[in-house]
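Thanks for coming. Please look at the sequence and the model for a moment, and then I will go through some parts of them.

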Protein chains: 2
Amino acid sequence: MKEKEFINAIKTVLNSSYIGDDCAYIESLGVVISQDNLVEDVHFKLDWTTPYQLGWKSAMVNISDICASGANPEFLTVGLSLPENITVEFIKDFYRGMKDASAGVEIVGGDITGSDKVFISVTAIGKTEGRKISSRKNAKIGQKIVVSGHHGSSGAGLRLLTDGKTEPKKFIDAHLMPYAQVGFSKKIAESMKNDYAMMDTSDGLMDALSQIAAASGVNLEIDFAKIPFDEDLKMFDDYETLIFFGGEDYQLVATVDEDVSKDLTVIGRVKEGAGVTVLYENNIKKHFSKSDAEEKIFKHFEA
Amino acid sequence: MKEKEFINAIKTVLNSSYIGDDCAYIESLGVVISQDNLVEDVHFKLDWTTPYQLGWKSAMVNISDICASGANPEFLTVGLSLPENITVEFIKDFYRGMKDASAGVEIVGGDITGSDKVFISVTAIGKTEGRKISSRKNAKIGQKIVVSGHHGSSGAGLRLLTDGKTEPKKFIDAHLMPYAQVGFSKKIAESMKNDYAMMDTSDGLMDALSQIAAASGVNLEIDFAKIPFDEDLKMFDDYETLIFFGGEDYQLVATVDEDVSKDLTVIGRVKEGAGVTVLYENNIKKHFSKSDAEEKIFKHFEA
């Protein structure tokens with residue numbers, strides 16, 4: 001996928017201010033909108049996931065995009081294209097998963113067509129409700145970097161599935177049935193009075209950090225020891241890679257003012273400069289430019 | 001595709017009032033929303049369409065859904081999944097087509113991923129702007145049945161393409177580059193004070209008529225001689241089949257009060273009863289039940 005090239009081409013043709021964040025913020029309607037495609041054998045394998053889990057995840061990844069904007073997720077529409085062998089039971093289980101994942105979010109419409117493989121496109125709409133909406137351009141020097149949840153669990157789950165393993169189940173669950181961080185999003189969006197950046201970690205924690213750093217023209221400095229992760233992740237020699245590049249944890253990372261950071265997990269600070277700097281014990285530092293981060297992400301998806 | 005069965009299964013699981021019309025009407029936001037998937041080799045062939053035409057049609061079919069609701073089309077998002085061999089030029093031409101089709105409608109976001117075939121999912125949002133929103137349930141006895149444009153041209157174009165022909169080009173153009181009926185929609189939605197039904201003819205004129213008849217519990221009586229079509233359609237022996245079952249003309253059909261019908265093309269009237277009755281010269285009548293109509297549509301898509 002020449003995704004970056006394609007997005008640049010689209011920006012050139014459309015000449016639009018909307019393209020940049022994962023959600024489009026439509027101020028005149030008081031809504032944000034986001035659309036994500038999930039494609040069989042690219043984003044999921046029917047051998048690894050139940051229809052229920054697939055429905056759950058399809059809803060959650062889009063609800064997560066709305067959460068990253070700071071808006072309140074309200075509505076979903078679902079475009080499904082399905083091969084001939086898909087049964088009514090599959091559809092029912094898929095929608096049960098979507099419905100259970102969408103507590104408080106209403107599924108209001110969509111489309112069903114034929115296709116060779118399962119293709120899912122979900123659109124999510126959130127209401128801004130007077131909250132300040134985030135943008136990856138909005139990190140300000142002096143802000144604290146905060147995160148929700150555990151990092152690396154989903155990547156660990158994907159690796160276990162790829163290796164044909166079934167344990168530890170908690171990592172596989174983290175991969176197949178993620179939770180969008182509705183509460184964390186709400187807390188930040190309702191308490192921030194100034195501009196702030198927030199992204200989900202769908203493409204990995206390092207991707208989110210480096211996108212924010214690049215779009216905001218700042219350096220993000222992270223204390224590795226402060227990043228929350230499941231201790232059992234250490235069963236993988238390269239657990240640090242999973243934490244930074246695993247992806248699909250659907251946790252949130254935000255840059256917020258000090259007063260808002262008080263009850264949250266602070267992992268670093270916004271400084272002058274560029275890229276992402278990770279601090280380890282004994283004064284060891286590693287620096288990641290945006291292209292370093294993107295290269296690792298690319299390698300991850302090729303694996 | 002067991003589309004009907006699937007939709008019934010979804011209705012059972014969701015127990016939602018939203019599923020039924022092509023657009024979901026979200027009253028609290030003052031918007032309607034619609035999402036359609038277009039799949040390579042199901043809905044289009046890359047041999048028959050240019051990327052520009054494909055982008056054009058992808059936008060128009062969704063704008064048409066918004067027009068059918070009576071709302072004003074305002075925003076689009078686009079989820080694209082693309083095989084490796086797709087070039088940046090393809091993307092540029094596709095988005096140029098979308099942009100040209102979307103005059104006054106802003107493309108605000110979307111997603112790009114990999115896939116084996118080209119998958120396109122477009123979501124359209126329209127503002128209600130105080131207009132009355134249509135529903136296929138809303139046809140009332142005594143209303144007139146009105147239509148926009150010519151019927152059967154797109155079906156003729158599809159048949160020419162299937163037969164490897166390139167003339168008459170106007171029919172092929174009608175198939176590859178339809179126009180959503182923004183003006184017709186606006187005129188009706190702004191002048192109707194009472195409830196009304198309106199649908200586009202994406203699945204054919206007979207499908208739209210029979211869906212409205214079934215959902216509203218009425219009979220729609222049509223004068224065949226009053227249906228507008230291109231005279232050259234008579235080059236096909238079965239031009240009547242193309243008019244009723246060809247599909248993808250993206251014209252609008254509505255049931256409106258007599259005063260609103262004055263400057264419009266009236267093709268029939270809403271009566272007590274069920275199904276669709278077509279009147280021909282010499283007092284010949286044909287009756288179509290919903291299942292008659294659906295069977296013909298099904299046969300059309302199998303061809």
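**A buried strand, a sheet and two copies**

I start with strand β2 of chain B, residues 31-39: 9 of its 9 residues are buried, so the strand is largely enclosed by the rest of the structure. Buried here means under 20% relative accessible area, with exposed over 50% and partly exposed in between, using a 1.4 Å probe and protein chains only. Strands (E, at least two residues) and helices (H or I, at least four) are DSSP runs, numbered from the N terminus.

A word on the source. This is a predicted model, in which local features need pLDDT of at least 70, side-chain atom pairs count only at pLDDT 80 or more, and totals for chains, interfaces and linings use all residues. Residues are numbered from 1 along each chain as its sequence is written, chains are lettered from A and ligands numbered from 1 in the order in which they are written, and side-chain values use heavy atoms, leaving out hydrogens and water.

Back to β2(B). Val31(B), Ile33(B), Gln35(B), Asn37(B) and Val39(B) point one way, Val32(B), Ser34(B), Asp36(B) and Leu38(B) point the other way, and all are buried.

Which strands pair with it? Two strands pair if DSSP finds at least two bridges between them. Strand β1(B), residues 24-26, runs antiparallel to β2(B) and is joined to it by 3 bridges, with Ile26(B) opposite Val31(B). Their hairpin has 4 residues between the strands, and Gly30(B) has a positive phi near 70 degrees. Strand β5(B), residues 119-127, is also antiparallel to β2(B), over 9 bridges; there Phe119(B) is the bridge partner of Val39(B).

Next, an open sheet of 7 strands in chain B, with mixed pairing and the order β7-β9-β6-β10-β8-β11-β12. β7(B) (197-200) and β12(B) (285-288) stand at the edges with a single partner strand each, so one side of each has no neighbour in the sheet. β11(B), residues 276-279, pairs with β12(B) in the antiparallel sense over 4 bridges, and Thr277(B) stands opposite His287(B).
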